Amino acid sequence: MANPKSHVFILITTLLALLLLLHFPSVSLAQTLFVFGDGLYDAGNKQFLSQNRVDASFPPYGITLGKATGRWSDGRIVPDYLANFMGIPQIPPFLQSTADFSHGASFAIADATVLGSPPETMTLSQQVMKFSENKNKWTNKTLSEAIYMIYIGSDDYLNYAKNNPSPSDAQKQAFVDQVITKINAEIKVVYGVGGRKFAFQNLAPLGCLPAVKQANGNVQECVKLPSEMAALHNKKLLQLMIELSKQLNGFQYSFYDFFSSIQNRVIKSKTYTFETGIAACCGTGSINGSDCSSNNVCAKPEEYIFFDGKHLTQEANLQVGHLMWGADPEVVGPNNLRELMVLPLDLTVILGDIHEAMAAMRPRQSKIESLYDTKKMDLDMENQWFYQVDKAASFLI
Ligand SMILES: *[C@@H]1O[C@H](CO)[C@@H](O)[C@H](O)[C@H]1NC(C)=O
Ligand SMILES: *[C@@H]1O[C@H](CO)[C@@H](O)[C@H](O)[C@H]1NC(C)=O
């Protein structure tokens with residue numbers, strides 16, 4: 001346990017933080033979360049929109065929690081953990097019309113894309129439109145203090161790579177530009193409705209997904225093109241964030257380097273508590289890349305990064321949630337979610353130099369490893385919290 005001195009310190013900092021919160025009402029504690037994206041963030045929307053059987057509504061999805069909810073995992077997904085860390089209830093799928101949306105809504109749905117119009121899902125534009133049409137469910141204050149989480153684009157690039165096996169560099173770049181242009185437009189719609197705090201999770205190395213490797217026939221190596229498209233996208237997305245924070249007054253963001261997190265875990269699974277980062281827990285084929293069902297689920301999902309060919313286990317989602325919430329700028333920057341949550345609304349964080357921001361994103365293996373020593377991490381998180389409140393407060397003095 002910590003020594004008594006540090007308890008006194010914590011007490012004093014807590015009192016200080018409380019005093020500051022009382023005296024500076026503009027300290028905004030985000031208590032609302034809006035979620036946009038695809039199957040990785042889907043809290044159950046797909047089952048309300050599909051005419052067909054939705055796998056995630058049946059076991060083995062949800063087995064770790066004992067209940068299938070339409071989430072594409074054995075248990076909880078990343079937005080569940082973040083809501084929990086924020087101290088608010090789980091964010092319900094918007095299409096579940098009877099749910100309580102007082103702390104936000106999730107518009108994310110499996111198979112969602114940025115471009116095109118795939119059936120039985122909602123593109124990013126359609127998700128944002130649904131949000132915008134229903135904005136009166138929330139006050140202006142709530143809308144501007146809320147955090148807007150976004151993970152989208154995987155299916156755009158997976159479909160692209162399938163249909164264009166050997167594109168030129170210019171063609172790749174042109175496609176990425178189309179996707180980013182559309183994301184830019186949708187962020188501006190959310191901003192127009194009042195949104196200020198955006199949390200982006202960049203794209204995974206898509207060629208490392210078991211489904212993609214297995215379909216490619218060589219399960220030893222990640223497939224090059226899908227991962228390359230994701231990397232190009234991620235670079236442009238970060239540039240877009242930096243651009244928007246200069247362009248839009250009060251725009252604040254968090255950019256989490258999911259790509260490196262997955263890459264590190266696939267390569268050095270054991271370092272991160274997993275038995276394997278190659279095969280999925282559930283499915284058929286040499287690395288369980290497809291057709292997950294109750295007949296082919298592993299006994300211990302927590303030993304795997306991937307639950308099915310394309311989605312993470314609850315354990316992997318938990319690690320991601322921790323990193324987005326509390327990790328340092330090598331992993332998530334310029335603010336992590338905990339910081340984003342308490343940032344005053346009138347504060348604009350401008351990172352002028354793209355190179356500086358890119359350098360800050362570069363994963364430092366050793367740092368991440370020590371970060372993921374869980375006990376130490378809990379302690380770090382505790383300390384960071386007080387540091388953060390102090391930091392937020394110091395902006396106001
Ligand atoms: C909320 O903000 C919009 C503009 O974004 C404005 O037109 C509207 O009057 C505001 N509503 C209230 C109740 O302040
Ligand atoms: C594939 O899933 C089965 C359960 O059906 C599991 O026992 C097996 O270990 C998995 N394959 C690999 C390579 O992990």
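This is a predicted model: local features need pLDDT of at least 70, side-chain atom pairs count only at pLDDT 80 or more; totals for chains, interfaces and linings use all residues.

**Packing, ligand contacts and backbone geometry**

Modeller: Gln 201 is buried, with a relative accessible area of 2%.

Biologist: Which side chain makes a polar contact with the side chain of Gln 201?

Modeller: Gln 201 belongs to strand E4, residues 197-201. Leaving aside neighbours within four places in sequence, its contacts include Leu 40, Val 78, Ile 150, Phe 258 and Met 324. The polar contact of its side chain, at 2.5 Å, is with the side chain of Tyr 41.

Biologist: How many aromatic pairs does the model contain?

Modeller: A pair of aromatic rings is described by the distance of the centres and the angle of the planes. Rings pair if their centres lie within 6.5 Å. By this rule the count of aromatic pairs is 21.

Biologist: Why is the pair of Phe 34 and Trp 138 described as it is, and what is its class?

Modeller: The ring centres of Phe 34 and Trp 138 are 4.8 Å apart, and their planes stand at 90°. Planes over 60 degrees apart count as edge-to-face. The pair of Phe 34 and Trp 138 is therefore edge-to-face.

Biologist: How many residues apart in sequence are the parts that this pair ties together?

Modeller: Phe 34 lies in strand E1, residues 33-37, whereas Trp 138 lies in the loop between helix H4 (124-133) and helix H5 (140-145). Phe 34 is buried at a relative accessible area of 0%, and Trp 138 is buried at 8%. Because of their places in E1 and in that loop, the pair ties together parts whose separation in sequence is 104 residues.

Biologist: Phe 94 and Phe 101 also form an aromatic pair. Is that pair stacked, edge-to-face or tilted?

Modeller: Phe 94 is buried, at 10% relative accessibility, and Phe 101 is buried at 8%. Their rings are 5.1 Å apart from centre to centre, with 35° between the planes. Stacked planes are under 30 degrees apart and edge-to-face planes over 60, so the pair of Phe 94 and Phe 101 is tilted.

Biologist: Which residues do ring pairs link into a cluster?

Modeller: Phe 34 and Trp 138, the edge-to-face pair, are among the members of the cluster.

Biologist: Within what arc do the buried residues of H4 fall?

Modeller: The buried residues in H4 are Leu 124, Ser 125, Gln 127, Val 128 and Phe 131. Seen down the helix axis, they line one face of H4, because they fall within an arc of 160°.

Biologist: Against which elements do these buried residues of H4 pack?

Modeller: The elements against which the buried residues of H4 pack are E1, H5, strand E3 (147-151) and helix H7 (169-193).

Biologist: Turning to ligand 2, how far is one of its oxygen atoms from an N or O atom in the side chain of Asn 288?

Modeller: The residues around ligand 2 include Cys 281, Asn 288, Asn 296, Cys 298 and Tyr 304. An oxygen atom of the ligand lies 3.1 Å from a polar backbone atom of Asn 296, and an oxygen atom lies 3.3 Å from a side-chain N or O atom of Tyr 304. For the side chain of Asn 288, the distance is 2.4 Å.

Biologist: What is the phi of Asn 288?

Modeller: Most residues other than glycine have a negative phi. Asn 288, in the loop between H10 and H11, has a positive phi although it is not a glycine, and the value is about 55°.

Biologist: Thr 273 likewise has a positive phi, near 80°. Which side chain is joined to that of Thr 273 by a polar contact of 3.2 Å?

Modeller: Thr 273 lies in the loop between helix H10 (258-267) and helix H11 (314-326), and at 47% relative accessibility it is partly exposed. The side chain in question is that of Gln 319.

Note on methods: Residues are numbered from 1 along each chain as its sequence is written. Chains are lettered from A and ligands numbered from 1 in the order in which they are written. Side-chain values use heavy atoms; hydrogens and water are left out. Rings of Phe, Tyr and Trp (its six-membered ring) pair if their centres lie within 6.5 Å; planes under 30 degrees apart count as stacked, over 60 as edge-to-face and the rest as tilted. Helices (H or I, at least four residues) and strands (E, at least two) are DSSP runs, numbered from the N terminus. Buried means under 20% relative accessible area, exposed over 50%, partly exposed in between (1.4 Å probe, protein chains only). The arc is that of the directions from the helix axis to the C-beta atoms. Contact means heavy atoms within 4.5 Å. A residue is near a molecule or strand if one of its heavy atoms lies within 4 Å of it. A polar contact is a pair of N or O atoms within 3.5 Å; within protein, one must be able to donate a hydrogen and the other to accept it, and residues adjacent in sequence count only if both atoms are side-chain atoms.
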